[in-house]
2 protein chains.
Amino acid sequence: MGGDFAPEQVIKGAVSAINDPQCDFDILLCGPEAAVKEELKKNGYSGNAITVIDAPDLVAMDESPTQVLKTKPKSGLVTCVGLQKQGLAAASVSAGNSGAMMAACLMILGRAADVSRPAIACAVPTTKRQAILLDCGANVDEKASVLVDFALCGSVYAEAVMGYENPTVGLINVGEEEKKGGEVVQEAHQLLKQAPINFIGNVEGRDFIKGHADVVVAPGYTGNVMLKLMEGFYELAHEVFDGVNTEKAKKFDYLWDYRNHGGGLLLGLNGVGIITHGRADSVAIHHSLFTACKFAKAGVPAKIAEKLSAIKKD
Amino acid sequence: MGGDFAPEQVIKGAVSAINDPQCDFDILLCGPEAAVKEELKKNGYSGNAITVIDAPDLVAMDESPTQVLKTKPKSGLVTCVGLQKQGLAAASVSAGNSGAMMAACLMILGRAADVSRPAIACAVPTTKRQAILLDCGANVDEKASVLVDFALCGSVYAEAVMGYENPTVGLINVGEEEKKGGEVVQEAHQLLKQAPINFIGNVEGRDFIKGHADVVVAPGYTGNVMLKLMEGFYELAHEVFDGVNTEKAKKFDYLWDYRNHGGGLLLGLNGVGIITHGRADSVAIHHSLFTACKFAKAGVPAKIAEKLSAIKKD
């Protein structure tokens, strides 16, 4: 029931994913049973690859995360993450209250060994290949060591899921020189130089789009603003160039449409949590489910835990 | 001699501005006399609306600002700002070392009454009308009260230069709710609510592009990343849609080309300082000179000082 267009678009997206010839997973839909079944029927689905799990509590988009955890154990998102904890689901996807989803994942699944704070990682197109931007808004006012954890998590993700060999990692900043940026950013730069990753230094906003780094670390506040700014700019360009049908234009339109990106991945958890856009439609839900499956199969959480444990032991 | 393409592009831009039928100002070109005169000759200029002021010291793009001020009093930028202080120039424009330009303006012109820190303000196109984004990178790690000064300066600027009546002011943030963002941003939100401006609350990255506010306040680190991200995204779109000749496309291309924006204005000084892009070409220089003149004529520095004095007195 999460997101602006639930349950219609969420369930339509789930049915679309299940009917995709490439689909190799089953779906557990967590929500008020009657409403969900009704919607499934509307979408003409009667197979057994989708199971409805009754979760009658409804969560508003602006409800306090701690309040949701305390008072709504039977909400879709808490139920869904709980199923993962019990080993009955491999991943959890929500288009609902992102703070509540983050809190549920953190409390129920727990953090991967030694990760200080989970981050939201998003795959963003660039002039070269997709880059991972993190944190996209799970945190604010991070310490330098937290930014380093983001870099480690992002690096493992780029390698395990995107298949990038020795992915380059950059720190978003106002200039290339080490001494640029505020206190925390400068400290993070020094720590990143010593981290067991392929750190290439600071990356400016313009160079981010040019794909100078495979993984770009940003404080959550700035990363969130960046993500939404790109979304707004894409929408503007989409409107301006509506009707242009060149190959380049079609590719641009596909790549930059946030619905095709699979949502934001929570990195640093003992499990797989995906937060899709609140405005997610069926296309976005479809892609998020595939991303969740890919992420779970690649065993990213275990790989992140392993890498971080190895580092902290040194 | 400042910027990546000086002196060629800088002097070409100055000649182009002087030859513009709308030009109603004279130009003092501050740089090594022989080199500048040689370049003027190449551009076929022999009139008397451009005067060359000998300033033989050269400033590198990565030189420390304090070092420049101490050791290079005869550099173009220090000379140029000095002329303004003496009342011989109405405004100063530089495409060179922006830190040094900022420091020179701050030390030589001084801050407008009660402004804590000057900010770089840039006019950015939106789906509606141009918005002022500030700070675009003059500061890092600002206190909440500094963000409020940015809002006041930006508001005066939008009114005096852009002619916006009672301009709306927004705070860039990760969500609309008051409690979003880090400690400083949340504190700034509360202070902005009480400030004598038309504060409309938080603005997310996507809404910034949609023109939800006329003036958007951002910490310098984030504002700089935003500005450069938009520049990169524009360049990408420009490349993708090269050859598309619809009216909409031409308008988009004109509006988003940073060269047409007149550079970054230092707000909060007792004078007019403009920092253009390091990659400024003659078109960018041309526009920056016109912007500088417009800004000086509107008497923005005095208006900002007046507004701030009135507020602090209350």
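Predicted model: local features only at pLDDT ≥ 70, side-chain atom pairs only at ≥ 80, totals over all residues.
The side chain of Glu247(B) forms a salt bridge with that of Lys250(B), with N and O 3.5 Å apart. Both residues belong to helix H10 of chain B, and because they are three residues apart there, about one helical turn separates them. Lys250(B), at 44% relative accessible area, is partly exposed. Side chains of opposite charge can pair when their charged atoms come close.

Glu33(A) and Lys37(A) are joined by a salt bridge whose closest N and O atoms are 2.9 Å apart. Helix H2 of chain A, residues 33–42, holds both of them, four residues apart, which is about one turn of the helix. Glu33(A) is partly exposed, at 31% relative accessibility, and Lys37(A) is partly exposed too, with a relative accessible area of 44%.

Asp281(B) is buried, with 16% relative accessible area, whereas Arg259(B), with 26%, is partly exposed. Some salt bridges share partners, and in this way Arg206(A), Lys210(A), Glu231(B), Glu235(B) and Arg279(B) are joined into one network. Over all chains, the search of the whole structure finds 32 salt bridges.

How many salt bridges are found across the interface of chain B and chain A? There are 10 salt bridges across this interface. One of them joins the side chains of Arg206(A) and Glu231(B), with a distance of 3.4 Å from N to O.

On the side of chain B that touches chain A, four helices each supply at least two residues: H7 (183–194), H8 (205–209), H9 (220–240) and H10 (247–256). H9(B) gives the largest share of that side, 17 residues. By type, the residues of this side are 21 nonpolar, nine polar and 11 charged. The contact as a whole involves 41 residues from chain A and 41 residues from chain B. About 4000 Å² is buried between the two chains, and carbon and sulfur atoms give 72% of that area.

One residue of chain B that touches both chains is Asn173(B). Asn173(B) sits in the loop between strand E6 (168–172) and H7 of chain B. Is Asn173(B) buried or exposed? Its relative accessibility is 0%, so Asn173(B) counts as buried. A polar atom of the Asn173(B) side chain lies 3.1 Å from the backbone oxygen of Lys180(B). Leaving aside residues up to four places away in sequence, Asn173(B) touches several residues, including Tyr221(A) and Val225(A) from chain A, and Val185(B) and Asn202(B) from chain B.

Elsewhere in chain B, helix H4 (residues 76–85) has nine of its 10 residues buried, so this helix is largely enclosed by the rest of the structure. Among the buried residues of H4(B) are Leu77(B), Val78(B), Cys80(B) and Gln84(B). The elements of chain B that cover the buried residues of H4(B) include strands E1 (27–31), E2 (50–54) and E3 (92–94), together with helices H3 (65–71) and H5 (98–109). Just after H4(B), Gly87(B) has a positive phi of about 85 degrees.

The last topic is the cysteines. How many disulfides does the search of the whole structure find? Over all chains, the search finds zero disulfides. Cys105(A) takes part in no disulfide, and the nearest cysteine sulfur, in Cys80(A), is 7.9 Å away. Cys105(A) has 0% relative accessibility, so Cys105(A) counts as buried. For Cys153(B), the closest cysteine sulfur is that of Cys136(B), and because 13 Å lies between the two sulfurs, they are too far apart for a bond. Cys153(B) is likewise buried, at 2% relative accessibility.

Methods: Residues numbered from 1 in each chain as written. Chains lettered and ligands numbered in written order. Heavy atoms only, no water. Contact = heavy atoms within 4.5 Å. Buried area = accessible area lost by both parts, 1.4 Å probe. Salt bridge = Lys/Arg side-chain N within 4 Å of Asp/Glu carboxyl O. Nonpolar A, V, L, I, M, F, W, Y, C, P; charged D, E, K, R; others polar. Disulfide = S-S within 2.5 Å. Buried < 20%, exposed > 50% of the residue type's maximum accessible area, 1.4 Å probe, protein only. Polar contact = N/O pair within 3.5 Å; in protein donor to acceptor, adjacent residues only side chain to side chain.
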